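Me: I am new to this structure and would like to learn how to read its features one at a time. Could you take me through them slowly, with the general idea before each case?

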Amino acid sequence: MRHIAMKAQWTDFITLLKREVVPALGCTEPMSVALAAANCRKLLGQVPTRVSVWVSGNLFKNGMGVGVPGTGMIGLPVAAAVGITGGNPDAGLEVLKALTPAQVEEAKSLLPAIKVDVKDVPDVLYAEVLAQVEEHSARVVICTDHTRIILMERDGEVLMAQDSAPGVQIQAAPSSKPTMTLREIVDFALQVPLAEIDFIREAATMNQALADEGLQGYGLRIGKILTEQVERKLLSDDLMTLAMRLSSAASDARMDGAMLPAMSNSGSGNQGIAATMPVVAAARFLQASDEQLTRALVMSHLVAIYIKTYQNKLSALCAASTAAMGAGAAITWLLGGQFEQISHCINNMIGDVSGIICDGAGSACSMKVSTSTSAAVKSSLMAINNLHVPQSEGIVSDDVDQTIANLGRLSKQGMLDTDIEIINIMRAKQQGKAE
């Protein structure tokens, strides 16, 4: 019976990975707006003359300062405009994959007709677009997940609705305790037949291409600067530096609007990068086999998903830092660590970087990715030497699963006021009222 139950769980894990580790072009929050806008255009059958966008405070926070792929511009109005002029309504998080320069120029002329505002809704991930032309209108609402359309209307007629009727407040999806443990994840990653998890290698291929592009110089150029300092001998060409270089370069390119997809994790490209590139760097540095890299990537991504399930999709806690905890677990295993040391690594990271705030998506994300990556390597090196934060300190527990749950509690409950103040500060900046 134990064998059958375990195999069933393995199937669930594979399904979970295939659902949560998917390609995403550009920052996923603006892409939700672009996707809703693209579907409005499809419903209207023509370019609107007036567009109203309402988003949750958290989505506003993550869309205010980030580059929109293929445009050279930032912000949610830009995302809505190109979603209308060139978005593919059926392409999910790759909604802007086929965007052309002509469509970008058309979008620029549409920008004055686009208004964006924050809407008080219970779900932290919410995007609503209303497009109008003459007497015709189309409305599309995305809620809870970045591509989950819950409402479509044309000329006031409901064409599709989920969860609630029109005019009834959308309720946040109920949360549930994760039905997995760290030990089950590690056992799965190390024992599942290799052929069942080969698909995860695409994460390495896709995010490596993004890192290579980022090394050319995007955004704050963190990856490029670190590489240059290695060449100048100001930094060592060691495991930690390589991991930071590759991870931050991929984030540099993604946040500055490069037209290359990231393999995301839990709805975030930066989470996908943080769960992938430190592992790729460690495998390269340690000359690991293809099988070791594959299993390490599975461990990293599934641990990142597990930790994120205790948290809201968007919050005041930097998700790149939690995704890098998965990378730390995988690096610990690549360095020869067993379950005990993997647990120590995660506890070390939670004792280290659990206070990094998310103040919206933007070029500074690459700095947070590199910081979290260095913490992953540092925590791994401590763990394989059996050094770890003791349970007598802070939110760390002897039971790693309890430590992860404590971090989730901090994120979902303890940082609510922090999130509100971050959003208020950013809205004041947007409105030119910051003191």
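This is a predicted model: local features need pLDDT of at least 70, side-chain atom pairs count only at pLDDT 80 or more; totals for chains, interfaces and linings use all residues.

The dialogue below goes through strands, nonpolar cores, a cavity, a pocket and some backbone angles.

Me: How do I read a strand, and which strands does β8 pair with?

Reply: Helices (H or I, at least four residues) and strands (E, at least two) are DSSP runs numbered from the N terminus, and two strands pair if DSSP finds at least two bridges between them. Here β7 (residues 136–143) is joined to β8 by five bridges and the two run antiparallel, with V140 standing opposite M152 in β8. Strand β9 (residues 157–161) is also antiparallel to β8, through four bridges; L151 stands opposite A161 in β9, and E153 stands opposite V158 in β9.

Me: Is β8 enclosed or open to the outside?

Reply: The word to learn is buried, meaning under 20% relative accessible area, as against exposed, over 50%, and partly exposed, in between (1.4 Å probe, protein chains only). Strand β8 covers residues 149–154, and because five of its six residues are buried, the strand is largely enclosed by the rest of the structure.

Me: What happens to the backbone in the two hairpins, and where else is phi positive in a residue other than glycine?

Reply: The hairpin of β7 and β8 has five residues between the strands, and there T144 takes a positive phi near 80 degrees. In the hairpin of β8 and β9, with two residues between the strands, D155 has a positive phi near 50 degrees. R221, a residue other than glycine with a positive phi near 60 degrees, is found in the loop between α7 (201–214) and α8 (222–231) and counts as partly exposed at 34% relative accessibility. S266, also not a glycine, has a positive phi near 55 degrees; S266 lies in the loop between β10 (261–263) and α10 and is buried, with a relative accessible area of 4%.

Me: What is a nonpolar core, and which residues touch the most other members of the largest one?

Reply: In soluble globular proteins, nonpolar side chains tend to be buried together. A nonpolar core is a set of buried Ala, Val, Leu, Ile, Met, Phe, Trp, Tyr and Cys residues joined through side-chain atoms within 4.5 Å. The largest one holds 129 residues, of which V33, L182 and F188 touch the most other members, and helix α11 (residues 290–308) gives the most to this core, with 11 residues. Apart from it lies another core, of six residues, among them V121, Y126, C143 and L151.

Me: What does F188 touch?

Reply: Contact means heavy atoms within 4.5 Å. Not counting residues up to four places away in sequence, F188 touches W10, F13, I14, L17, I197, V298 and L302.

Me: How do I tell a cavity from a pocket, and how many cavities of 30 Å³ or more are there?

Reply: On a 1 Å grid over the protein atoms alone, a cavity is a set of points where a 1.4 Å probe fits but cannot get out, whereas a pocket is an open set with protein on both sides within 12 Å along at least five of seven lines; lining residues have an atom within 4 Å of a point. Grid points are joined across faces, edges and corners, and a volume is the space filled by probe spheres set on the points. The structure holds one cavity of 30 Å³ or more, and the largest cavity has a volume of about 300 Å³. Of the 27 residues that line the largest cavity, N62, S268, Q271, A319 and C358 are the closest to its centre, and α14 gives the most to this lining, with three residues.

Me: Where is N62 found, and is N62 buried or exposed?

Reply: N62 is found in helix α3 and is buried, with a relative accessible area of 7%. Leaving aside its neighbours within four places in sequence, N62 is in contact with C27, E29, P30, L314, C358, G360 and A361.

Me: What lines the second largest pocket?

Reply: The second largest pocket, with a volume of about 370 Å³, is lined by 22 residues, of which G57, N58, D419, I420 and I423 lie nearest its centre. The elements giving two or more residues to this lining are α3 (57–63) and α16 (416–430), and the largest share, six residues, comes from α16.

Notes: Residues are numbered from 1 along each chain as its sequence is written. Side-chain values use heavy atoms; hydrogens and water are left out.
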